[in-house]
Amino acid sequence: MGSWGTLGPALLSLAGVALGAGGSLFGQYLVSRASTRQLEVQEAAAHRAELKNAVLKFLGLASQVEKAALTRSGSGGTVADAELDHLVDDLWLAHAEIDLAARSEPLRGAAHRYAARLAEAARDGISDRSTLRRAQAQFFDAAYDDMWPGHRRAADDSVTPR
């Protein structure tokens, strides 16, 4: 009986140390999990910002190429051919930026198809704008999916031509 009187407090203090260590380890686990999640959120935001810049640059050049192709188709002139060729080259460079920044293959493919349609329009003129709009809509949808994977767009958010 005397041994319990001396052994009991030692066992209780040992149990307290074990509980404290377990609580400390569990707290560290929760902190590391929260840090990992925060890092993932920051990386996703950085990816979105980088991709957004690449997409906006690409779209700016796409708009210039389309306008130049429309002007060229309307006038049938060759004066702006060198400028249009330069714009198409810049468009392909902007496409390469998207290719490097994109996380998904659908975005890479949609960007390539849109750039190819624009280059074709610059070379041959714009005969069917619906083909160009379809490629543009697919590009927008793929860019959205790459920037916000797993998020569904509302029906009225789609840029698909009606």
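Contact is taken here to mean heavy atoms within 4.5 Å. The structure is a predicted model, in which local features need pLDDT of at least 70 and side-chain atom pairs count only at pLDDT 80 or more, whereas totals for chains, interfaces and linings use all residues. Residues are numbered from 1 along each chain as its sequence is written, and side-chain values use heavy atoms, with hydrogens and water left out.

The chain contains four helices and zero strands, in the order α-α-α-α along the sequence. Helices (H or I, at least four residues) and strands (E, at least two) are DSSP runs numbered from the N terminus. Of the 162 residues in the chain, 27% are buried, where buried means under 20% relative accessible area, exposed over 50%, and partly exposed in between (1.4 Å probe, protein chains only). The accessible surface of the chain is about 10700 Å², and carbon and sulfur atoms hold 59% of this area; accessible areas come from the Shrake-Rupley method with a 1.4 Å probe, and for residues only the protein chains shown count as cover. Among contacts in the chain with a separation of 6 or more, 66% are between residues 24 or more positions apart.

In soluble globular proteins, nonpolar side chains tend to be buried together. A nonpolar core is defined as a set of buried Ala, Val, Leu, Ile, Met, Phe, Trp, Tyr and Cys residues joined through side-chain atoms within 4.5 Å. The largest such core has 33 residues, of which Tyr-114 and Phe-139 touch the most other members. Two or more residues of this core come from each of helix 1 (2–75), helix 2 (81–101), helix 3 (105–124) and helix 4 (129–147). Beyond its neighbours within four places in sequence, Tyr-114 contacts Phe-58, Leu-59, Ala-62, Leu-132, Ala-135, Gln-136 and Phe-139.

Arg-117 lies in helix 3 and is partly exposed, at a relative accessible area of 30%. With residues up to four places away in sequence left out, Arg-117 touches Thr-131, Leu-132 and Ala-135. The C-alpha atoms of Arg-117 and Gln-136 are 9.3 Å apart, at a sequence separation of 19 residues.

Seven salt bridges are present in the structure, each being a side-chain nitrogen of Lys or Arg within 4 Å of a carboxyl oxygen of Asp or Glu. One of them pairs Glu-66 with Arg-129 (3.4 Å, N to O). This pair links distant parts of the chain, Glu-66 being in helix 1 and Arg-129 in helix 4, 63 residues apart. Glu-66 counts as buried because its relative accessibility is 9%, while Arg-129, at 42%, is partly exposed. A salt bridge also joins Asp-99 and Arg-108 (3.6 Å, N to O); Asp-99 is partly exposed at 33% relative accessibility, and Arg-108 is partly exposed at 22%. Another is formed by Asp-124 and Arg-123 (3.4 Å, N to O).

Asp-146, in helix 4, is buried yet has no salt bridge, and the nearest side chain of opposite charge, Arg-103, is 5.8 Å away. The side chain of Asp-146 reaches the backbone nitrogen of Ser-104 at 2.7 Å. Not counting residues up to four places away in sequence, Asp-146 touches His-47, Leu-51, Ala-102, Arg-103, Ser-104 and Leu-107.

How values were computed
Lys, Arg positive; Asp, Glu negative; His and termini not counted. Polar contact = N/O pair within 3.5 Å; in protein donor to acceptor, adjacent residues only side chain to side chain.
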